[in-house]
Amino acid sequence: VRLIVEQCPGLVELDVSDGTQLTAMCVQTIINQLRQVEYLSFSRCYTVQPDAYLELKSMPNLRYLDVYGILNEKALSTLRQSLPHIQINKYLFSSVARPTVGIRRTSIWGLRVRD
């Protein structure tokens, strides 16, 4: 993540969902370097401590945050109250292309990626 944000400081969307090695340091790196980001997804990033997301309040351009599968309802309610300018868990499905599995594992959205 550090390498991505250093080389792409103008990102407006970043989906790091299912990142099993990510920590609160990742959230801090994004806050410090991606000032233009409008959408973040940390869905199923179980190793990021929930209170790390409260630091996102310092990101004035952030409009959407997806954290599916991480927080219980009470924690989600607290997060929504702490980040009133951010819509949380609005997008169930990511718009980020991901490789498919099985016999179609060489394509993304039906386009070949390995020739």
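Q: How many disulfides does a search of the whole structure find?
A: The search of the whole structure finds 0 disulfides; bear in mind that this is a predicted model.

Q: OK, then how far is the sulfur of Cys 45 from the closest cysteine sulfur?
A: The closest cysteine sulfur to that of Cys 45 belongs to Cys 26, and at 7.3 Å it is too far for a bond, given that a disulfide needs the two sulfur atoms within 2.5 Å.

Q: And is Cys 45 buried or exposed?
A: Cys 45 is buried, because its relative accessible area is 0%. Cys 26, which lies in helix 2, is buried as well.

Q: What about Cys 8, where is that one?
A: Cys 8 sits in the loop between helix 1 and strand 1, and with a relative accessible area of 35% it is partly exposed. Its C-alpha atom is separated by 8.4 Å from that of Leu 34, although Cys 8 and Leu 34 are 26 residues apart along the chain.

Q: Switching to the sheet, what order do the strands have?
A: The sheet is open and has 4 strands in the order 1-2-3-4, with parallel pairing. Strand 1 and strand 4 (87-88) are the edge strands, each of them pairing on one side only.

Q: How many bridges are there between strand 3 and strand 4?
A: Strand 3 and strand 4 pair in the parallel sense over 2 bridges, and Leu 65 stands opposite Ile 88, a residue of strand 4.

Q: Which residues have the most contacts inside the largest nonpolar core?
A: In that core of 28 residues, the ones with the most contacts are Ile 30, Leu 40, Phe 42, Tyr 53, Leu 56, Leu 65 and Val 67. The elements that give two or more residues to this core are helix 2 (24-33) and helix 3 (73-82), and helix 2 supplies the largest share, which is 4 residues.

Q: Which residues of helix 2 are buried, then?
A: Those buried in helix 2 are Cys 26, Val 27, Thr 29, Ile 30 and Ile 31. The cover over the buried residues of this helix includes helix 1 (2-7), strand 1 (13-15) and strand 2 (39-41).

Q: What does Leu 40 touch?
A: Leaving aside residues up to four places away in sequence, Leu 40 touches Leu 14, Ile 30, Leu 56, Met 59, Leu 62, Tyr 64, Leu 65 and Asp 66. Ile 30, Leu 56 and Leu 65 are, like Leu 40 itself, among the residues with the most contacts inside the core.

Q: How many aromatic pairs does the count come to?
A: The count comes to 1 aromatic pair. It is formed by Phe 42 and Tyr 53, whose ring centres are 5.4 Å apart with the planes at 65°, so the pair is edge-to-face. Both Phe 42 and Tyr 53 lie in the loop between strand 2 and strand 3 (64-66), and they are 11 residues apart.

Q: Last one, why does Asp 15 count as buried?
A: Asp 15 counts as buried because its relative accessibility is 16%, and the cut-off for buried is under 20%. Asp 15 has its place in strand 1, and its side chain makes a polar contact of 2.6 Å with the side chain of Ser 17.

How values were computed. Residues are numbered from 1 along each chain as its sequence is written. This is a predicted model: local features need pLDDT of at least 70, side-chain atom pairs count only at pLDDT 80 or more; totals for chains, interfaces and linings use all residues. Side-chain values use heavy atoms; hydrogens and water are left out. A nonpolar core is a set of buried Ala, Val, Leu, Ile, Met, Phe, Trp, Tyr and Cys residues joined through side-chain atoms within 4.5 Å. Buried means under 20% relative accessible area, exposed over 50%, partly exposed in between (1.4 Å probe, protein chains only). Contact means heavy atoms within 4.5 Å. A polar contact is a pair of N or O atoms within 3.5 Å; within protein, one must be able to donate a hydrogen and the other to accept it, and residues adjacent in sequence count only if both atoms are side-chain atoms. Rings of Phe, Tyr and Trp (its six-membered ring) pair if their centres lie within 6.5 Å; planes under 30 degrees apart count as stacked, over 60 as edge-to-face and the rest as tilted. Two strands pair if DSSP finds at least two bridges between them.
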